[in-house]
Amino acid sequence: MSNITIQNGRALAPAFDPGAFGGGISVDGPAVTLTNMAFLNNQAIGANVASADGGSAAGSALSIRSTNGTGVSILSGVTFSGNSSTGGTGATRGGYAFGAMFAFAAVVHIENAQFTSNTAQGGSSSGIGLSAGERADAFGGGITVGAGANVSISRVTATGNTCTGGLGSQYGGGAFGCGLYLEAGAVSIADSRFQSNVAQAGTKNPGFGGFAGGGGVLLFNPTAASIDRTLFFANRATGGGSSPANAAGTGGGGGLYLWRGTLAGPAITVQVRNSVFAENIVQLGSSGSNPGGGGGAVQVQGLTAVFDHTTFADN
């Protein structure tokens, strides 16, 4: 498919599943090739659920899931702008929200693409906003790489994308990797730019604010990852404010957060080469007592990272 603009599409959750996928295009099974296309102002909206957690929303512009066999999807010269994923409201917590482009159990190559001013908004809840230890989090306003996916990114620009945690009566949701969020997948990034992306955790006063990590990029439990010749500039991760007596939401990795949260599987080393981190910011929640957080440019937790010929300035 080429030379097409897909605009003002909307994906709503079906009756049998509270999750919504692919506001512009949803691809389940086959590989797809998209060339010189634009996805503009599309939406994915999770279902409102009266008796449980809100429905999730993923891939407000494009969702690629469970590709058959050895198929490889290719995105070349594609623009994603103004797309929004919104988690549904829930009785216990709001739904998750995942970015404009969502890949799960798929191999995807993205080149010469732009992700601009896309949003992921966690859902709200009349309940406390916490269910089985999980909050109404927002992930990857631009790109989300899910479990079993292998994504290569070259000559990609992600600018001005935002993730905002949802709210319950006591807990604010988190915000993670607003240019790119990866969980339990593999990624290689080269010749790209992540600029002015914002992870804003939910503020709850009275209550407990959410955690924000990876204003530009967050890689959580990566199976393999490398970054080369890439600029991280003026990204921000801001924790949610809390009641003065409670722990405020922390922030970590204003530009990049590398995070391994499990000891299962082989140890991972992430290579970062020939890259620049400049003017990235981490902020704690505006109120509350928690002094934690850090890593204005980069935070590394639970894995090994090697930085080679990399510049850090004014973070």
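Phe21, Tyr96, Phe98, Phe102, Phe139, Phe176, Tyr181, Phe211, Phe220, Tyr257 and Trp259 are joined into a cluster by ring pairs; rings of Phe, Tyr and Trp (its six-membered ring) pair if their centres lie within 6.5 Å, and planes under 30 degrees apart count as stacked, over 60 as edge-to-face and the rest as tilted. The model is predicted, with local features requiring pLDDT of at least 70 and side-chain atom pairs pLDDT 80 or more, whereas totals for chains, interfaces and linings use all residues. Residues are numbered from 1 along each chain as its sequence is written, and side-chain values use heavy atoms, without hydrogens and water.

Across the whole structure, 19 aromatic pairs are found. The pair of Phe21 and Phe102 is tilted, since the ring centres are 6.0 Å apart and the planes at 50°. Phe21 belongs to strand S3 (residues 20-21) and Phe102 to strand S14 (residues 101-104), so the pair ties together parts 81 residues apart in sequence; strands (E, at least two residues) are DSSP runs, numbered from the N terminus. Phe21 is partly exposed at 21% relative accessibility, whereas Phe102 is buried at 8% (buried means under 20% relative accessible area, exposed over 50%, partly exposed in between; 1.4 Å probe, protein chains only).

Ser73 lies in strand S10 (residues 72-76) and is buried, with a relative accessible area of 0%. Beyond its neighbours within four places in sequence, Ser73 is in contact (heavy atoms within 4.5 Å) with Ala31, Val32, Ile64, Val107, Val108 and His109. Val72, also found in strand S10, is partly exposed at 39% relative accessibility.

Key. Helices (H or I, at least four residues) and strands (E, at least two) are DSSP runs, numbered from the N terminus.
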